[in-house]
Amino acid sequence: MTFPDFVVHIARLRAGGHDQSLSGSVDPRELEIADEPRFHFHPIVYRMDLQLIGERLVVRGAFTMPCDMECRRCAEIFSTSVQVSSFLRAYEISDGTETVDLTADIREDILLTLPSFPLCKDSCKGLCPQCGKNLNEGPCSCRPEPDVTGKWAILDELKFEQEENP
């Protein structure tokens, strides 16, 4: 899918003095960024500077996308912003090039910036594995179970036979 504001017309850019700035907002669905069960996206705010330098189109920009995410530890919904502050691309312009579509590169940078393990805060304590209480709200009344099946418990059962010297 192509978003019209992200399609650069080379002839217009040359006629306008080789430099152009774009800013605005776009619905994430225009970039095929759809809400998911753990993510809800708000409009993306963008600012880009376009320059023709020789036979290259150089694009510098920044994007901010507010979103609501589910914390992977406590399952609470929290609000944050995904920011791409250093978008930089150079596109080769040949004699026959009429337009350059930036949509796919912008979409890719935004998606790569999404956290793979979103947390409401670094110190999130998560949920109690026994009762499911959110431990950020305070301790639960569960007693901690002794860890008798830990990684090293099997070594307690290990017995060695001693060799006798001849």
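Reader: Which residue in the hairpin of E4 and E5 takes a positive phi?

Author: This is a predicted model, in which local features need pLDDT of at least 70 and side-chain atom pairs count only at pLDDT 80 or more, while totals for chains, interfaces and linings use all residues. Residues are numbered from 1 along each chain as its sequence is written, and side-chain values use heavy atoms, without hydrogens and water. Helices (H or I, at least four residues) and strands (E, at least two) are DSSP runs numbered from the N terminus, and two strands pair if DSSP finds at least two bridges between them. E4 and E5 are antiparallel over nine bridges, and in their hairpin, with two residues between the strands, the positive phi near 60° belongs to Gly-54.

Reader: Which residues form the covered face of E4?

Author: In a regular strand the side chains alternate between the two faces of the sheet. In E4, the uncovered face holds Val-45, Arg-47, Asp-49, Gln-51 and Ile-53, and the covered face holds Ile-44, Tyr-46, Met-48, Leu-50 and Leu-52.

Reader: Which residue of E4 stands opposite Ser-21?

Author: E2 and E4 run antiparallel and are joined by eight bridges. Within E4, the residue opposite Ser-21 is Asp-49.

Reader: Which residues are joined with Arg-89 into one network of salt bridges?

Author: A salt bridge is a side-chain nitrogen of Lys or Arg within 4 Å of a carboxyl oxygen of Asp or Glu. Asp-109 meets Arg-89 in one (2.9 Å, N to O), linking helix H2 to strand E6 across 20 residues. Asp-109 is buried, with a relative accessible area of 15%, whereas Arg-89 is partly exposed at 21%. Through shared partners, the network joins Arg-89 with Asp-105 and Asp-109.

Reader: How many residues apart are Arg-38 and Glu-70?

Author: The side chains of these two residues, Arg-38 and Glu-70, form a salt bridge (3.5 Å, N to O). Arg-38 lies in the loop between E2 and E3 and Glu-70 in strand E5, a separation of 32 residues.

Terms used. Buried means under 20% relative accessible area, exposed over 50%, partly exposed in between (1.4 Å probe, protein chains only).
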